[in-house]
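Here are a few exercises to work through with the structure open in your viewer. Try each task before you read its solution.

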Amino acid sequence: MIEVENVYFTYPNGVKALKGVSLKIADGEFVAIMGQNGAGKTTLVKHFNGLLKPTKGRVLIDGVDTRQVSVAKLSRKVGFVFQNPDHQLFSETVEDEISFALKNFRFDEKIIRERVDWALNLLDLVQYRKVSPFMLSGGERKRVALASVLAWDPKIIILDEPTLGQDSYQKERLRQFIIQMNQQGKTVIIVTHDIEFVVECEPRVILMANGRIIADGETREILTDPELINRSSLILPEITQVFTNLNDLGFPRNVIGVYEAKRLILERINGRT
Amino acid sequence: MAIIEARDLTYTYPFAEKPAFKNINLRIEKGEFVLLTGPSGCGKTTICRCLNGLIPHFYGGKLEGELTVAGLKTTEHAIYEIAKHVGLVFQNPENQLFALTVEKDVAFGLENLGVPRDEIRRRVDWALKITGIYELRHRAPFELSGGQQQRVAIASVLAMQPEIIVLDEPTSSLDPLSAKNILEVIHQLNRDLGITIILVEHRLDLASRYANRVIVMRDGRIVLDGEPRRIFLQRETKLIGVGIPKVVRLYLSLREDGVNLNKVPLSPEEASQLIAEALMLDRS
Amino acid sequence: MSIFDGLKFRNISSPIHRIDPRAKFIYVCVLFVIAVLFNQLIPLLILLFSQIPLVIIAKVKREWLRLIRGSIFFATLIFVMNVISLYFYGNYPSVAYIIEYSLAMTVRFIVLIESFSLFFLTTSPDMLGLSLEQIGVPYEFCFAFTTAIRFVPVLAEEAQTIIDAQRARGLELESGNFIRRVKNYIPILIPLIVNAIRRSLELAEAMESRAWGASEKRTNIYVLKMGKKDYLFILLSLAMLLASIYVWMYIKIPFLTQILQI
């Protein structure tokens, strides 16, 4: 469980990135933290594995104050996949890359081998085992970065802008993958401004703006609210935009999916005949 | 005469086993707004690099066939010559801005071309105003947001007054609102200044409303080429993994159930308009 | 790192900021010459204090003082070395003399550093690059210079991100013996270097795409023109130089110890 208690955070250069943030994320939840670039999303999640410590207030991971424990210890539980895999990759082979964290966490040799095999299989990277990560394509490098974090099986997984630069096929794969991880009991937290992706996944949405949480609830309530969308400098989901324009004809505003949209239109048409 | 013409174009990167693309045949007329899309690795970024001569002059490798851009055969002219006619805006805004102030960056290309100072000043101010960043001209690129940086990149290419501007996934690192705004700017360049636009994009929900033509690539080949509404209807588009806008999916879904909207919508505004029309008809 | 604060450009407006870099550079050279000219404490102290009004006008008091604080280590070193060498190897009239002389050398060191500080605090890297261009340094060097400066904050931020990313994979930078600690930096250096190379390739592409190398005669949107204030500044600096030379040649400057009869 992640508990954030009235956290304030100011960067050394004086920027006030978090201004009184409180929230609770229970085990096994699937959460999307959304907002404009600069709203404080990444700053917030960096508190979950101790990379940042609050200037005021506190963050508890399973009851332990993050200020009392090292980043390495917290990372055992909280895996963080950074936005740009090129900020992590440095090994000679994909295998070495995946075993890096396992070695740091002092896993047994035998366990390391098992976990590396498992991670390679899970992310479809078996044929690249002995290949240098630098020789792989952008999408493949992203998978290696993900594999290297999943390898140590953290119970909480944070993905920072996982859909950046991905084509629709890759995004669909990612979506299925996230759902799979969540079904296996992992707490999954994604930091993103990709509205259409979130609409497909329908997680709990925490909306941030200017260092504060301005909304916390279901995708459907939050991403269809024009006022909230405005305050966080996002845009309404495509289908919601369509129905917002049709509101004067008596249609509801909070429609997000293609099939429910069709159903509503058909009902209206059939209602006449 | 077409402003871009490719004939049997094939390119292999140095040390690569197979070509990045093969036998590309393409004709683009002046003033078109072309949306180039396809799954990752299909060759669209490579095509962009050919259009201003980075391939073959900067990258080396083997370029076969013929590519003529604004009347120049790219193999026979240096990049700096082609750059006067073709501007290229890259994906990552940060790595294409070198100067310590915005206006110096926008002036960079003109300075390289040896344009006289007062002409530089005139064109820089003009480009800054069109892209809406005149007030930012004394700021440092590091202080700007991604969207603002991308505008600076566009302005610095625009200042050279090319006939063609190629943009390689310019919105990929931007949030949706900034993405929308940048695409509006690009649209204005096409509509108001007549600049031919080649836009490589995944975000078809935001970009397709501006294009008069969509080209879909896969595995180094052009598989679909035509008007957006027609292309999105074709089954192959979805199979290739191109992210069709949700409003198009809604159109297709309604059609399956016998409701035919008057045309394929390319934006939410169009979609709601068409749905309203369909409902009015049924009211009679 | 406070030593570097005193050498980084402070982006504010002041009369000193507006003076042409070339004029300021002449001033720095003059300070240099005068500092080297005199051995005695009194003139060196006067030289040091004469910079203070300029520092105040330039509104860079805090950063300037930070540099002094940062250079305390080296200043003390110089002081001690001078004391030792004079005591054992020099002929000296008194202990007080040793102290005064060593102090003078220390003050000279500080004056030299501080003169650079004022220069860099009040001259933007852009203007610096431009003045290098205008005095004839080949454009490639000026460009490399200003581009390097432009990317310093970017690279610093990237280094921090890489450190964070690797720490999040269990890398503990502070633990272990010396060899272990050096090895711990490999996962940080490699991505840093690889990304720097990638970045330079992207920059090169962007440069080529904006007609780099198109013309032998590159023009510039900015131009540095020397105005009345700049010439006045140069004149004052030269006057200071001449006056100092005169004093040095014709006036015998007493040591403080002599005045105080120690």
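## Exercise 1: Domains and overall form of chain C

Please keep in mind that this is a predicted model.

**Task.** Which domains is chain C divided into, and what separation do their centres have?

**Solution.** Start with the division: domain 1 of chain C takes in 2-123 + 226-260, while domain 2 covers 138-209. Next, take the centres over C-alpha atoms; those of domain 1 of chain C and domain 2 of chain C are 36 Å apart.

**Task.** How many helices and strands does chain C have, and why is chain C called more spread out than a compact globule?

**Solution.** Step one is to count elements: chain C has 12 helices and 0 strands. Read from the N terminus, the elements therefore run α-α-α-α-α-α-α-α-α-α-α-α. Step two is the comparison: for 262 residues the globule rule gives 18 Å, but the radius of gyration of chain C is 24 Å, well over that value, so the chain is more spread out than a compact globule. To finish, look at burial and contacts. Buried residues account for 28% of the 262 residues in chain C. Of the contacts in chain C between residues at least 6 apart in sequence, 83% join residues at least 24 apart.

## Exercise 2: Where chain A meets chain B

**Task.** How many residues of chain A are in contact with chain B, and which helix supplies the largest share of that side of chain A?

**Solution.** First, the totals: 33 residues of chain A are in contact with 34 residues of chain B. Then look for the contributors on chain A: helix 5 (138-150), helix 6 (168-183), helix 7 (195-201), helix 10 (238-245) and helix 11 (258-270) each supply at least two residues. Helix 11 of chain A gives the largest share, with 8 residues. Sorted by class, the side of chain A that touches chain B holds 15 nonpolar, 12 polar and 6 charged residues.

## Exercise 3: A sheet in chain A

**Task.** What is the strand order of the open sheet of 6 strands in chain A, and which strands stand at the edges?

**Solution.** The order is 6-7-8-3-9-10, with mixed pairing. At the edges stand strand 6 (78-81) and strand 10 (212-218) of chain A; each has a single partner strand, so one side of each lacks a neighbour in the sheet. From one strand to the next, the twist averages 15°.

Now zoom in on one pair. Strand 9 (residues 204-209) of chain A runs antiparallel to strand 10 of chain A, and 6 bridges join them. A:Met208 stands opposite A:Ile213, which belongs to strand 10 of chain A.

Note on methods. Residues are numbered from 1 along each chain as its sequence is written. Chains are lettered from A and ligands numbered from 1 in the order in which they are written. This is a predicted model: local features need pLDDT of at least 70, side-chain atom pairs count only at pLDDT 80 or more; totals for chains, interfaces and linings use all residues. Two residues are in contact if their C-beta atoms, placed from the backbone, lie within 7 Å. Helices (H or I, at least four residues) and strands (E, at least two) are DSSP runs, numbered from the N terminus. Ala, Val, Leu, Ile, Met, Phe, Trp, Tyr, Cys and Pro count as nonpolar, Asp, Glu, Lys and Arg as charged, and the others, Gly among them, as polar. Domain bounds come from an automatic or database domain assignment. The radius of gyration is taken over C-alpha atoms; the globule rule is 2.2 Å times the number of residues to the power 0.38. A residue is buried if 20 or more other C-beta atoms lie within 10 Å of its own, exposed if 12 or fewer, and partly exposed in between; C-beta atoms are placed from the backbone. Two strands pair if DSSP finds at least two bridges between them. Axes are lines fitted to C-alpha atoms, for helices over the stretch in contact, and angles run from 0 to 180 degrees between N-to-C directions.
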